[in-house]
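Subject: Structure for you to look at

Hi,

Have a look at it first, then read on.

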Amino acid sequence: MYSEEHGTFATDVGCIDGRTREPILAWARKNIDAEWADTVTRPGMDGFLLSEINPVILEDLQKQVLVSVEKHNSKYILVSGHCECAGNPVSEDEHRTCIVKAVRVVRSWNLPEDVKVIGLLVNAQWQAEQII
């Protein structure tokens, strides 16, 4: 079972691209005092969340997020997108728009009231920046 001695967690709902892990974790450690980031991934997640998602896949994504929230006491869901994304190959500005909309989708998942949903973009310099 989870205990604080194992550290504090956030949950990254983002792309499968491994290059995004370090910038997102660095942002989480600096800005929300999370030591670790659980990851729930799909190619181009910021765009994927805006598409017609098979209900079984959507339910699975929600269950994965809830495991992090309930078992690791994650209080922050970080919906992320990134430049140079093969799964959602759009401009940086379009990623920003997708992230804002994807945050709204995740906020609609009936998460506990104390969980905050934040949108992050891993920009062309491979640094995470808060969008929403």
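This is a predicted model: local features need pLDDT of at least 70, side-chain atom pairs count only at pLDDT 80 or more; totals for chains, interfaces and linings use all residues.

Thr20 is found in the loop between strand E1 and helix H1, and it counts as buried, at 2% relative accessibility. Leaving aside residues up to four places away in sequence, Thr20 touches Cys15, His82, Val122 and Trp126.

Next comes helix H1, which spans residues 21-31. Its buried residues are Pro23, Ile24, Leu25, Trp27 and Ala28. Between the C-alpha atoms of Glu22 and Ala10, which are 12 residues apart along the chain, the separation is 13 Å. After H1 you will find Asp33, whose phi is positive, near 55°.

Now the sheet. It is open and has 5 strands in the order E2-E1-E3-E4-E5, with mixed pairing. E2 and E5 stand at the edges with a single partner strand each, so one side of each has no neighbour in the sheet. From one strand to the next, the twist averages 30°. E1 and E3 run parallel and are joined by 3 bridges; Asp12, for instance, has Leu78 in E3 as its bridge partner. Helix H3 (residues 55-71) packs on this sheet, where it touches E1, E2 and E3. The direction of H3 makes about 170° with that of E2.

How many disulfides does a search of the whole structure find? The search finds 0. A pair of cysteine sulfurs has to be within 2.5 Å to count as a disulfide. For Cys85, the closest cysteine sulfur belongs to Cys15 and is 3.9 Å away, so the two are too far apart for a bond. The sulfur of Cys98 has its closest cysteine sulfur in Cys85, at 9.6 Å, which is also too far for a bond. Both residues count as buried: Cys85 has 5% relative accessibility, and Cys98 has 14%.

Happy to go through any of this with you.

Best wishes

Definitions and conventions. Residues are numbered from 1 along each chain as its sequence is written. Side-chain values use heavy atoms; hydrogens and water are left out. Buried means under 20% relative accessible area, exposed over 50%, partly exposed in between (1.4 Å probe, protein chains only). Helices (H or I, at least four residues) and strands (E, at least two) are DSSP runs, numbered from the N terminus. Contact means heavy atoms within 4.5 Å. Two strands pair if DSSP finds at least two bridges between them. Axes are lines fitted to C-alpha atoms, for helices over the stretch in contact, and angles run from 0 to 180 degrees between N-to-C directions.
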